[in-house]
Amino acid sequence: MPQHVQGVIAPGRNEPVRVETIVVPDPGPGEAVVKIQACGVCHTDLHYKQGAINDEFPFLLGHEAAGVVESVGEGVTDVTPGDFVILNWRAVCGTCRACLRGRPWYCFDTHNAKQRMTLLDGTELSPALGIGAFAEKTLVAAGQCTKVDPAVAPEIAGLLGCGVMAGIGAAINTGNVGRGDTVAVIGCGGVGDAAIVGSRLAGAAKIIAVDIDDRKLETARTMGATHTVNSRSTDAVEAVRELTGGFGADVVIEAVGRPETYEQAFYARDLAGTVVLVGVPTPEMKLELPLLDVFGRGGALKSSWYGDCLPSRDFPMLVDLHQQGRIDLGAFVTETIGLGDVEKAFARMHEGDVLRSVVVL
């Protein structure tokens, strides 16, 4: 029987979010219903609320989540009721051209649930990133459920579902940061700090954090940054070059998603260095660079989709590293809140007061 649960929806562009009763159908073939235990408030949810992703309102927000599988549909064998899972928005299909070439982290046909959750009046909801986890329960494709050790706290595990994975993966998977490399990270929110953690984990010798907020720069130091640059008062490109012997960083990770900061990243890298864009731009943004500079500086300009992660490989590995004390995922949790506090969490995010607010159910 369909279940009635509480969930947070964005009813229209830039309208305040509100808690509504959500109808969650029984799982169909290849689907699962997950009882949500925790879900992080991610900047992408704010993008949905602002209409910067698309205009398929109303949205059921939330996607950075962990919980327990409650029921599964026909043909589901990889997860069973009772499994503790992190939800992912890259449920690889196994049959697209990327998967068949052995690159499933680029899967071009990821799975989502085929049925829609609705409001009581039958209005269909668009789940954020195919998940919709600011809710007591949600319906997803079973492939969006990645089993991990249930000993890890849900509010920590859920962060791997998006922001923390995106940042760590931008450094390790996309940027290929190696031992002895110099790395600059522009933008020290949750994703940027995760890129710092990933760079440290990969053995970077020098990690330069760049931001306009001294509070964020101080937090970046606790995450592993060896140097900090306040780009409100200092030229970021010149500062990074000065800290790298005049050359620029081997890898520069742009975690803001703006043309101005991307240009800084482009010129702050060494010759033949790598720029990784993991910050998410909005549709109207444009970038202009001299093509001769693109050619003459060499190297690589990369975009990092979800940290180029493979959830089945990376989520359990990072949980293990956390449990071994090699990375501290708990440091990303600034506060825990309830469903009714999501709008306030967006305001705190805008003010730069938090790394992550996490809804706990």
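Predicted model: local features only at pLDDT ≥ 70, side-chain atom pairs only at ≥ 80, totals over all residues.
I'm calling a residue buried under 20% relative accessible area, exposed over 50% and partly exposed in between, with a 1.4 Å probe and protein chains only. By that cut-off Cys188 is buried, at a relative accessible area of 1%.

Residues are numbered from 1 along each chain as its sequence is written, and side-chain values use heavy atoms, with hydrogens and water left out.

**Cysteines**

I searched the whole structure for disulfides (cysteine sulfur atoms within 2.5 Å) and got 0. Cys96 is in no disulfide, and its nearest cysteine sulfur, on Cys93, sits 3.7 Å away. Cys96 counts as buried at 10% relative accessibility. Cys188 is in no disulfide either; for Cys188 the nearest cysteine sulfur belongs to Cys42, 16 Å away.

**Helix H6**

Helices here are DSSP runs of H or I with at least four residues, strands are runs of E with at least two, and both are numbered from the N terminus. Which residues of H6 (214-223) are buried? I find Leu217, Ala220 and Met223. They are on the same side of H6, because they cover an arc of only 110 degrees around the axis (taken from the directions from the helix axis to the C-beta atoms). The general rule: an α-helix has 3.6 residues a turn, so residues three or four places apart point the same way. Asp214, Glu218 and Thr222 are exposed on the other side of H6.

What do the buried residues of H6 pack against? Using contact as heavy atoms within 4.5 Å, I get helix H5 (190-202), strand S12 (206-211) and strand S13 (227-230). Gly224 follows H6 and has a positive phi, near 130 degrees.

**Asn88**

I looked up Asn88 in the loop between strand S6 (84-87) and helix H2 (97-100). Asn88 counts as buried, at 1% relative accessibility. The Asn88 side chain reaches the backbone nitrogen of Ala91 at 3.2 Å. That is a polar contact: N or O atoms within 3.5 Å, where within protein one must be able to donate a hydrogen and the other to accept it, and residues adjacent in sequence count only if both atoms are side-chain atoms. Leaving out residues up to four places away in sequence, Asn88 touches several others, including Ile131, Cys145, Tyr306 and Phe315.

Most residues other than glycine have a negative phi, and most peptide bonds are trans. I logged these against that rule. The Phe57 to Pro58 peptide bond is cis, with omega near -5 degrees; Pro58 lies in the loop between helix H1 (43-50) and strand S4 (59-60). Asn176 isn't a glycine, yet its phi is positive at about 50 degrees. Asp308 also isn't glycine and has a positive phi, near 45 degrees, and Asp308 is buried with a relative accessible area of 6%.

**Rings**

My search of the whole structure for aromatic pairs gave 6. Rings of Phe, Tyr and Trp (its six-membered ring) pair if their centres lie within 6.5 Å; planes under 30 degrees apart count as stacked, over 60 as edge-to-face and the rest as tilted. Tyr106 and Trp305 pair edge-to-face, 6.2 Å centre to centre with 80 degrees between the planes. Tyr106 is in the loop between H2 and strand S7 (118-119) and Trp305 in the loop between S16 and H10, so the pair ties together parts 199 residues apart in sequence. Tyr48, Phe57 and Phe59 form one aromatic cluster.
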